[in-house]
Protein chains: 2
Amino acid sequence: MPIYKDNSHGRWAYLRDLGEAGIIEALRSHSASKPRPHVIQGIDDDCAVLRVDPSKDLLVTTDTMVEETHFTAQTLPPEALGWKVLATNMSDIAAMGGTPKTAFLSLALKRDARTNFLDAFLEGFNDLAQQADMVLAGGDTVEAPFGHVITLTLIGECLRGGAVCRHGARPGDDVWVTGYLGNAAGGLFILTEGLSEESDIGETLITAHRRPTPRVDLGKSLAQSGLIHAMIDLSDGISTDLAHICRLSHVGATLDHSAIPISSDLRRLAKSTGQDPEPWALHGGEDYELLFTAPKSNRKEIECLCPPNAVGPLCRVGTIVTEPGLFLIRENKSTPLDPGGFSHFSK
Amino acid sequence: MPIYKDNSHGRWAYLRDLGEAGIIEALRSHSASKPRPHVIQGIDDDCAVLRVDPSKDLLVTTDTMVEETHFTAQTLPPEALGWKVLATNMSDIAAMGGTPKTAFLSLALKRDARTNFLDAFLEGFNDLAQQADMVLAGGDTVEAPFGHVITLTLIGECLRGGAVCRHGARPGDDVWVTGYLGNAAGGLFILTEGLSEESDIGETLITAHRRPTPRVDLGKSLAQSGLIHAMIDLSDGISTDLAHICRLSHVGATLDHSAIPISSDLRRLAKSTGQDPEPWALHGGEDYELLFTAPKSNRKEIECLCPPNAVGPLCRVGTIVTEPGLFLIRENKSTPLDPGGFSHFSK
């Protein structure tokens, strides 16, 4: 049910009509679905007051999405924007092996946006928040003169001392990834090139871009299993994200070209548009799959932990090595692989 | 020491030259001043990992500052911006009676900003962070095409069950405020009207606008004393902020016109420019002083707790009453006082 329809004019009103208090009221109505014992005080005070289970560590992450930089009305309709700003932060919690719990949403919005923008945004946000049993406990609502800027801070928890960091990879480890790589980049290509969204291929890839599914349950299982050494989520593309693991672990890695999981949908899109799917898979980013490293001796147990029907394929794509740097192995030839993911402020 | 001067050209480089990695490196160098036992993992991973003292509750607040909406280059030079984005969030923690501990900074910045903008911003931020022994443990750094948008999330702590909320005011309580009201609005008036900043008056008022001092120690003392019922920080002006206390406490309040603390500097500015200082004091906002309510029987103890030389004046400005609404008492006449603070998205 839309909550802001301006029925008196038979069309959507604007945020400037709703006002700051009206927007906060909308957020409050979305946050109050059910009481949560860990939220002593939510929206409506200077701060939220949270009570933390002493057997847990706290995980905190924050992501900002800027109109024109991260999204346009064409690539991310408001419902997808609400979903995605939460999904990207949940993915960061998943990559530490944690459970997302409490969200803080800062909305810097254009005054001339329609209220159905806010309605759809909160619907997408709430869809995922409810699935994952999260609560919105605070935030800020301000006017942005030039474009929407949305910042979400997400607080989660993991067992005390149980967070899986990026810096634990060791030479000899397998490099694993969940799901397919490049689907989100393929979806973005369809949207920015204005290709038809109507085919089955388009739908799968566009969904990968617009409504990624963070791997929270799997991240938690992997962390609690004790089978893995390091983990990261694939937000910038494997060439960039695996490089972070390597830099922080003081190791290098080889990637096996033939093992990179590229979906048949992405291959079909590439073929029909004369594109090469490999850059999408290596550098595309925004897949929000998990990459982790683990000793070879744990292969069987890891495969048992990750049933393929639950997360798509689970692939061993490479090996951690002593020598620094990232290398792509193709037909027994090794070539350096430079980080090629999106970088803000780049030329 | 500036850290980004592009000496090769003898002038400041741009953020687009520094790049995302360079900006993160700058943030990292500012965050690594000394190790903090509660930060298990800081910048450099998908999430920060924090360990929480089980005798404490967690306080979380977030504020966004948008160029053109909250500041311009004229009203807030970058050093003041860095100070103020932290101060406003600290003030929210102070208003719950807590101690600020850990900051998460999301910077959405224009690519064509000079690197000395970032340098000065971090200098101002760090000035206050060091004074208050806080640590920067994470954030996000992205490109904003149209204007800077800065979001800070601040996590603090208070004794378990010891947070002072807005909803505790009771009929018969005194209403107290710390410091002077309206100084920040006077400073903003000087800056936006292009008046001289050079007089002594100007300096005090401009400092109130640019570098407010959050009342952290006092807020903590008041909370731990058990002498007070409700507290809020004066960010939107007393007419708006006291109305929040009243709404959430299901009470009303009267304000004594003659007791509102207006500084001699503000009165002199008003006189010399033909303005009325009262609207600045009642509706101006951004003073980041504390307003709290307490039983009449606690007056002496509260005065002992707040030595006037430490926080400027401490004034009893009104009374909580049963009847809803906010009323200004002037020469024994009571008139309704509508919330007149700044409201985003207003017409």
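Are B:Arg166 and A:Asp45 buried or exposed? I looked this pair up first. B:Arg166 is buried, and A:Asp45 is buried too. I take buried as under 20% relative accessible area, exposed as over 50%, and partly exposed as in between, with a 1.4 Å probe and protein chains only.

**Ground rules**

I am working on a predicted model, where local features need pLDDT of at least 70, side-chain atom pairs count only at pLDDT 80 or more, and totals for chains, interfaces and linings use all residues. Residues are numbered from 1 along each chain as its sequence is written, chains are lettered from A and ligands numbered from 1 in the order in which they are written, and side-chain values use heavy atoms, with hydrogens and water left out.

**Entry 1: salt bridges**

I searched the whole structure and found 41 salt bridges over all chains. The rule is a side-chain nitrogen of Lys or Arg within 4 Å of a carboxyl oxygen of Asp or Glu. Side chains of opposite charge can pair when their charged atoms come close.

I went back to the opening pair. B:Arg166 and A:Asp45 form a salt bridge, with 3.7 Å between the closest N and O atoms. This pair crosses between chains: B:Arg166 sits in the loop between β8 (149–159) and β9 (174–178) of chain B, and A:Asp45 in the loop between β1 (39–41) and β2 (48–50) of chain A. For these labels, helices (H or I, at least four residues) and strands (E, at least two) are DSSP runs numbered from the N terminus.

Next I checked A:Asp112. Its side chain meets that of A:Arg16 in a salt bridge at 2.5 Å, N to O. A:Asp112 is in the loop between β4 (99–109) and α3 (115–131) of chain A and A:Arg16 is in helix α1 (residues 15–31) of chain A, so the pair ties together parts 96 residues apart in sequence. A:Asp112 is partly exposed at 49% relative accessible area. A:Arg16 is also partly exposed, at 27%.

Then I took A:Lys84. The closest N and O atoms of its salt bridge with A:Glu286 are 3.1 Å apart. A:Lys84 belongs to helix α2 (residues 78–94) of chain A, and A:Glu286 to the loop between α9 (277–283) and β10 (290–294) of chain A, 202 residues apart. A:Lys84 is buried at 1% relative accessibility. A:Glu286 is partly exposed at 21%.

I also noted a network of salt bridges linking A:Glu25, A:Arg28, A:Asp44 and B:Arg247.

**Entry 2: the A/B interface**

How many residues does the contact take from chain A and from chain B? I get 70 residues from chain A and 70 residues from chain B, where contact means heavy atoms within 4.5 Å. The buried area is about 5,600 Å², and carbon and sulfur atoms give 57% of it. That is accessible area (1.4 Å probe) lost by the two parts on being put together, summed over both. In chain A, A:Asp46, A:Val60 and A:Phe345 lose the most area to chain B, together 16% of what that side buries.

I counted 8 salt bridges across this interface. One salt bridge joins A:Arg247 to B:Asp44, with the closest N and O atoms 4.0 Å apart.

I then looked at the strands. β2(A) pairs with strand β5 (residues 56–66) of chain B in the antiparallel sense over 3 bridges. Pairing requires at least two DSSP bridges between the strands. A:Leu50 stands opposite B:Leu58 in β5(B).

**Entry 3: strand β4(A)**

I checked cover here. 9 of the 11 residues of β4(A) are buried. The strand runs antiparallel to strand β6 (residues 149–159) of chain A, joined by 9 bridges. A:Thr99 has A:Glu157 in β6(A) as its bridge partner. β4(A) also runs parallel to strand β5 (residues 135–143) of chain A, with 8 bridges. There A:Phe104 stands opposite A:Gly138 in β5(A).

**Entry 4: helix α4(A)**

Why do I call helix α4 (residues 183–192) of chain A largely enclosed by the rest of the structure? I do so because 8 of its 10 residues are buried. Among them are A:Phe189, A:Ile190 and A:Leu191. Just after α4(A), A:Gly194 takes a positive phi of about 70°.
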